[in-house]
Amino acid sequence: MKEYKPYQEDQLKILLTQEQIEEKVAELGKKISYDYAGKDLILIGVLRGSTYFMVDLTRRMRIPFAIDFISISHYSEQTDSAGVVRITKDLDLSITDKHVLIIEDIVDTGLSLGYLLRNLKTRDPADLKVCTLLNVEARRIVEVPVDYKGFDLPNIFVVGYGLDYNEKYRNLQFIAEFDRP
Amino acid sequence: MGIITISREFGCGGETIARLVAEKTQFLLVNKDTIIQGLTEYGIGKPEEDLDKIVVSDDCEQLVPQYVDAMHDYIYDLAIRNNLVILGRGGSILFRDYPPALHVRMIAQFTQRVQRVMKLYDLNSETAVKLVKEKDSEKRRYYRQIFDANWNNVRAYDLVLNTEKMGLEDAADIIVSAYQTHASPREVKNGPGGVDIENGIVTPSADAEAEKFMHPSEEEFAHMLDFYRLRWEYEPRTFLLEWDSEGNVIEAFSPDFYLPDQDLFIELTTQKPRQAWRKNRKIRRMKELYPEVNVRLIDKKGFESLLKKHSIDQDEGEES
């Protein structure tokens with residue numbers, strides 16, 4: 001049988017290998033397990049990019065926790081000028097008095113994460129922290145706290161391991177630099 | 001203020017080209033004669049004295065600093081009110097920190113220049129060779145003496161033109177068009193009326209004109225900030241970056257946005273990297289002068305990724 005290699009035709013420059021990601025995710029899982037031992041922890045995955053990271057990260061954790069997901073609308077050029085950011089899928093669990101850790105695939109401008117933090121803060125969690133696999137400080141507009149991070153990236157566009165371009169490439173096991181057409 | 005500086009090897013046709021550029025752009029031509037005249041008004045030097053000889057003479061040590069200061073003041077003074085084409089006089093060094101200035105260097109082979117000089121001044125080849133060598137070495141000394149700079153460093157210029165196979169008119173056209181491309185489309189603000197200046201920061205008075213964006217990208221950016229429910233102000237302050245000796249502002253910078261909750265100024269650029277680099281330099285200068293102020297540049301790439309990343313099929317892209 002002929003082996004199918006997805007996206008073989010695309011010019012993707014591997015930036016972070018599967019091994020590097022696995023190693024980093026294990027490290028983060030261990031650190032989070034240590035820091036949150038004995039605490040009532042809820043991990044909140046921000047849809048949809050963080051799903052792969054969320055799954056792998058939680059499998060590396062050795063403490064009890066709950067998971068939930070949240071999704072918010074994003075700005076685009078087509079957005080009505082009167083439109084504002086809103087939650088398109090809210091949490092199912094209450095986070096009041098819980099230790100909350102937001103799980104992001106990437107933090108760049110900080111705009112959507114900034115909104116999310118402001119919104120979740122109003123629900124009175126015991127504390128609210130952020131874990132992101134990728135951090136692009138060079139694109140930051142809004143200062144946001146990043147408590148756990150996997151890798152720092154320069155101002156480039158990347159795909160793979162949950163990150164997409166037009167819904168493509170999410171299932172790559174590695175993270176690659178991608179030149180947008 | 002628009003500035004074009006032209007430096008040239010002797011015999012390149014630089015003087016003619018500078019005159020043509022000044023005519024085409026309607027800029028004021030500043031050459032040695034203009035400066036001698038101006039410095040005489042300042043009470044330094046006399047019209048009959050050859051400044052090049054003074055600055056390379058033995059007793060130049062006290063004269064040079066005086067001369068340089070006066071020339072600097074005089075040219076800056078002119079530049080505040082006029083757009084200038086500056087021929088020679090180390091203009092590229094005087095205005096090296098003024099990013100919109102275009103610095104041009106004209107070159108040609110020695111033999112070519114000798115031939116041009118022979119024709120122009122009706123000289124025999126021996127005299128022409130001597131004259132070209134003398135003039136070049138005078139310029140070299142002038143740069144070393146006054147600016148402690150190497151006259152032959154072509155990297156100090158934005159545009160180097162070889163006039164060997166080029167008509168002078170064509171060369172002038174190239175310079176004019178290069179200037180138009182090079183100069184930042186946005187004019188430096190010169191502390192307009194109706195503003196208060198405090199600690200080098202200009203704040204428009206309350207009755208300032210209603211929000212008018214200079215560029216569509218700024219409007220788009222404002223929409224995006226609205227979308228994420230962030231408070232913003234458009235160009236609320238102007239930071240003064242450079243003054244001349246009389247206290248006139250010659251360079252200033254108004255970042256596009258201020259986010260009060262972040263205490264952050266944001267400058268957007270959708271220009272090419274080369275122009276963005278000049279904005280970067282302004283921002284660096286601003287950080288030196290106002291270290292307590294947070295300012296950030298969002299470049300073309302960053303801005304496009306902000307707008308594009310969710311624009312196609314609600315592409316979730318980054319930060320999803």
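The structure is a predicted model, in which local features need pLDDT of at least 70 and side-chain atom pairs count only at pLDDT 80 or more, while totals for chains, interfaces and linings use all residues. Residues are numbered from 1 along each chain as its sequence is written, and chains are lettered from A and ligands numbered from 1 in the order in which they are written.

Chain B has 11 helices and 13 strands. Of its 320 residues, 32% count as buried, a residue being buried if 20 or more other C-beta atoms, placed from the backbone, lie within 10 Å of its own, exposed if 12 or fewer, and partly exposed in between. Two residues are in contact if their C-beta atoms, placed from the backbone, lie within 7 Å; among contacts in chain B between residues at least 6 apart in sequence, 66% join residues at least 24 apart.

Helix 7 of chain B consists of 23 residues and reaches 32 Å from its first C-alpha to its last, close to the 33 Å expected at 1.5 Å a residue, where the expected span is 1.5 Å times one less than the number of residues. Its buried residues are B:Ala128, B:Val132 and B:Tyr143, and what covers them includes helix 6 of chain B.

In helix 6 of chain B, the residues B:Arg113, B:Val114 and B:Val117 are buried. They cover an arc of only 100° around the axis, which puts them on the same side of helix 6 of chain B, the arc being that of the directions from the helix axis to the C-beta atoms. These buried residues pack against helix 7 (125-147) of chain B. Helix 6 of chain B is followed by B:Asp122, whose phi is positive, near 55°.

A further pair is formed by helix 1 (residues 14-25) and helix 8 (residues 168-182) of chain B, which pack at an angle of about 50° with their axes 9 Å apart. Residues of helix 1 of chain B, including B:Leu20 and B:Val21, meet residues of helix 8 of chain B, among them B:Ala172 and B:Ile175.

Definitions and conventions
Helices (H or I, at least four residues) and strands (E, at least two) are DSSP runs, numbered from the N terminus. Axes are lines fitted to C-alpha atoms, for helices over the stretch in contact, and angles run from 0 to 180 degrees between N-to-C directions.
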